Amino acid sequence: MKIRLYGCVNDSIVDGPGLRYCVFTQGCIHHCLGCHNPKSHDLYGGYLKGVDEIIQEISRNPLLDGVTISGGEPFLQPLPLIELVSKVKQRHLHVMIYSGYTYEEILNLGENERKLLSLCDTLVDGRFVLSLRSLTLLYKGSSNQRIIDISSSLRQGNMVIQQVNEYGEFVN
């Protein structure tokens, strides 16, 4: 299966805790003013890359702490991302996903989108709002966005904010 991508980054230290492989999906319907990746909005732009090829790249870096999926809007491509995240989780890596949709909106999108969400560990949700932008925020661009512990949220039946310590690490 292939994913339409804006790009990949092999060794990010800003897109989640630790050293991360980042997948930037192509295609976004939110068009947030001030978006960090506006060239990722075109639904037919970017390029296609196979899930197995991405997994091979991830496997070549034994120092990775996790994988971050961003965009564009990842939830526009749930099926190939379900395959990707399933294979990443087999490698016991943390998976963080960004979305312009809120947690509550994702739960109402559909079965595949809920499945993708359930496979990930952490969600940064909500549209980027330029007037709420701050460079002091950790792992998010504007103060309306939330960092959510997905498994705790799904288990408890209500949204649970992920706690982050002073080192940028997630704590339970």
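**Note on the core and helix packing**

1. Start with I3. Not counting residues up to four places away in sequence, I3 touches T25, Y47, L48, K49, V51, I54, Q77, P80, L81 and L84. The model is predicted. I3 has its place in strand β1. Its relative accessibility is 0%, so I3 counts as buried. One of its contacts is I54. I3 and I54 are 51 residues apart in sequence, yet 9.5 Å apart in space, C-alpha to C-alpha.

2. Next, the largest nonpolar core. This core has 30 residues. I58, I69, L84 and L123 have the most contacts inside it. At least two core residues come from each of β1 (2–12), β2 (20–25), α1 (51–59), β4 (66–70), α2 (78–90), β5 (94–98), α3 (103–107) and α4 (111–119). Helix α2 gives the most, with 5 residues. In soluble globular proteins, nonpolar side chains tend to be buried together.

3. What is I58 in contact with, leaving aside its neighbours within four places in sequence? The partners are Y21, L64, V67, V88 and L93. Another core lies apart from the largest one. That other core has 6 residues, including M96, Y98, Y139 and F170.

4. Now α1 against α2. Their axes come within 10 Å and cross at roughly 30°. Angles under 35 degrees count as roughly parallel, so α1 is roughly parallel to α2. The crossing of α1 past α2 is right-handed. From α1, the contact uses V51, D52, I54, I55 and I58. From α2, it uses P80, E83, L84, K87 and V88. By class, this contact has 7 nonpolar, no polar and 3 charged residues. I58 and L84, both in this contact, are also among the residues with the most contacts inside the largest core.

5. Then α2 against α4. These helices pack at an angle of about 20°, and their axes are 9 Å apart. They are therefore roughly parallel to each other. Here α2 passes α4 in a left-handed crossing. On the α2 side are P78, L79, L81, I82, V85, S86 and K89. They meet N112, E113, K115, L116 and L119 of α4. By class, the contact of α2 with α4 has 7 nonpolar, 2 polar and 3 charged residues.

6. α2 meets α4 through residues including L81, and α1 through residues including P80 and L84. P80, L81 and L84 are also among the residues that I3 touches.

Terms used:
Residues are numbered from 1 along each chain as its sequence is written. This is a predicted model: local features need pLDDT of at least 70, side-chain atom pairs count only at pLDDT 80 or more; totals for chains, interfaces and linings use all residues. Side-chain values use heavy atoms; hydrogens and water are left out. A nonpolar core is a set of buried Ala, Val, Leu, Ile, Met, Phe, Trp, Tyr and Cys residues joined through side-chain atoms within 4.5 Å. Buried means under 20% relative accessible area, exposed over 50%, partly exposed in between (1.4 Å probe, protein chains only). Helices (H or I, at least four residues) and strands (E, at least two) are DSSP runs, numbered from the N terminus. Contact means heavy atoms within 4.5 Å. Axes are lines fitted to C-alpha atoms, for helices over the stretch in contact, and angles run from 0 to 180 degrees between N-to-C directions. Angles under 35 degrees count as roughly parallel, over 145 as roughly antiparallel, 65 to 115 as roughly perpendicular and the rest as oblique. A crossing is left-handed if the near helix is turned anticlockwise from the far one by less than a right angle, and right-handed if clockwise. Ala, Val, Leu, Ile, Met, Phe, Trp, Tyr, Cys and Pro count as nonpolar, Asp, Glu, Lys and Arg as charged, and the others, Gly among them, as polar.
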